[in-house]
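Trainee: Could you show me how to read contacts between side chains, starting with the charged ones?

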Amino acid sequence: GIDEVCHRFAHFMPPKMDLVTDEEYAKYRGAVFAFYRYQDRLLGEVLAGLSPATTLIVLSDHGFMNGSNRPNEPPYIEGEPGLWHRRYGILIMAGPPVRSGRLDTTGLLDIAPTVLYLAGLPVAEDMGGRVILEAIGEPFKARFPVRTIPSYENIGRPLSEMRVTVADSGVDAEMLEKLRSLGYIGGPAGGAGAEDGGGGIAAAAPDGQALVTGHLNEAGLHFKNKDYARAEAAVDEALGIQPDFVSALFLKAQIQAAQKRYAPAIEALRRVIDLDPEGERGAYHEIGRIYAESGRAQEGADHLEALARRHPAVAEIRSALGSMLLKAGKTEAAEKELLEALRLNPAAGEPLADLHRIYRGTDRILALEPVVRKGLAINGKSVVHRNWMGLIHEWRKQVPEAEKEFLRAMELDPDYAATMANLGALYGRTGRLNEAVEILNRAVSKDPENQEAWVNLGAALGRLGRSREAIEALETARRKGVRSTTLFNALALAYLQDRKRDKALEYLRESLSIDPGQKDAIDLMKAVSRSS
């Protein structure tokens, strides 16, 4: 009900959109709110009839755009309804096993394993999700550990035997048509067609888009779970139906690259670019990354330069080339390409992310403010641009404005670890250490490879006097390849707190080997040497 009402009335909600007349706005502005209140009353009726021992889960399969984020067109199912869907929806759990508190973001595939667990049933190992154990109280988890079985696929009567008992009906047809129009399922819209002789809803034809999309979705799930053999088998099924399906070729390249099968991955991406040079623009960064990983960086640079000559208006080619040059240590040439990418497309995020590596810690960050603002004018939902505005404000010591931008970026993508790292660093530098630790812990849980987050987490823990935890975080950063004065000085201080002077001296020497002129590090080293 909520989904249907939103698809009919969400554009009438405040603030008023230009595509809505004053009369329509006055009449329908409260429709969505009223329906939510109605749903709330229905939920109250359900709760009133339940035993207190019941566990309740309220969830949505997606969110819905509101406020200033709404697309500038109606959300009707006849148009492009998916544009109005927001990646993040709602999940509320309540009941005796559930602990109080706020949950981190979860995925739809986590619901079924969690329901099985709460129902006392084993979780299937071939399921894509996980039990949301962080939502469950410790006493319940202690009494009832998670049990598993390989699969539920072969339990009970086969579905093929059950399906014959289900008759088609007009309601089924109407529901299928609605699901198609909303983009939830594939296949041709418009009801019965020539394929079924006009007598009802036909199954998707073997060469239909629905079947291809199904194989591709399956491949994506297996790829996420690092089951590369099953992922490639599924994507090959899709390509067997549509050999030039660009999305399938792109995914196949990613699967092959994950297995370090670089040559076929590069060939697949070359084919993607040949088929759709201005459509699948993510292919340029992916092919550049794979060329670099496979030790064919110069060949990759030559290929991207040739593509840039053929397609001079495609910013992503310049961005990918700049990224490759930066990894090769050719900073000046990389900067030139990245700035050209931003000139072609100020809303591009990748060149800004790479330029951050070049400009970080210098006032050159401020030079990009006009470009960043222009990009936000084009796309106000760009997380990378919001991050940059936060960094610009922070450089100017405009802390409230910086925090506001980082929080806005987190609202747009709550799982983006780079934003959490930036916000955590801001909190750490302004003395809000407990908040820094909380957000930085979340950053490293979302992206364990985020080196900057590990360093800042360790520094904040050290300043709180939690030396053992600080050492663990900082040593993690060191193992991941960080070699900076900030890291080594923080390690030295943490080991001093832990009364390990030899380790502190070791890291102070490392720090001074990078920058011998650090007065604070020199003074600390003298003091430690005297005391030992």
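Mentor: A salt bridge is counted when a side-chain nitrogen of Lys or Arg lies within 4 Å of a carboxyl oxygen of Asp or Glu. This is a predicted model, in which local features need pLDDT of at least 70 and side-chain atom pairs count only at pLDDT 80 or more, while totals for chains, interfaces and linings use all residues. Residues are numbered from 1 along each chain as its sequence is written, and side-chain values use heavy atoms, with hydrogens and water left out.

Trainee: How many salt bridges does that rule give, and which residue pairs with D104?

Mentor: The count comes to 40 salt bridges. In one of them D104 pairs with R442, and their closest N and O atoms are 2.6 Å apart. This pair links distant parts of the chain, 338 residues apart, since D104 sits in the loop between β4 (91-94) and α4 (111-118), whereas R442 belongs to helix α21 (residues 433-446); helices here are DSSP runs of H or I with at least four residues, and strands are runs of E with at least two, numbered from the N terminus. D104 and R442 are also linked with D415 and K446 in a network of salt bridges.

Trainee: Is R442 buried or exposed?

Mentor: Buried means under 20% relative accessible area, exposed means over 50%, and partly exposed lies in between (1.4 Å probe, protein chains only). R442, with a relative accessible area of 18%, is buried, whereas D104, with 26%, is partly exposed.

Trainee: Where in the chain do E4 and R8 lie?

Mentor: Both lie in helix α1 (residues 2-9), 4 residues apart, which is about one turn of the helix. E4 and R8 form a salt bridge whose closest N and O atoms are 3.6 Å apart.

Trainee: And what should I look for among the nonpolar residues?

Mentor: In soluble globular proteins, nonpolar side chains tend to be buried together. A nonpolar core is a set of buried Ala, Val, Leu, Ile, Met, Phe, Trp, Tyr and Cys residues joined through side-chain atoms within 4.5 Å. The largest nonpolar core in this model has 55 residues, and those with the most contacts inside it are Y284, L304, L355, L368, V372 and W388. Helix α10 (residues 246-258) gives the most to this core, with 8 residues.

Trainee: Which residues does W388 touch?

Mentor: Taking contact as heavy atoms within 4.5 Å, and not counting residues up to four places away in sequence, W388 touches L352, A353, L355, H356, Y359, I365, L368 and V372. Apart from this core lies another, of 43 residues, among them L391, M420, A443 and Y495.
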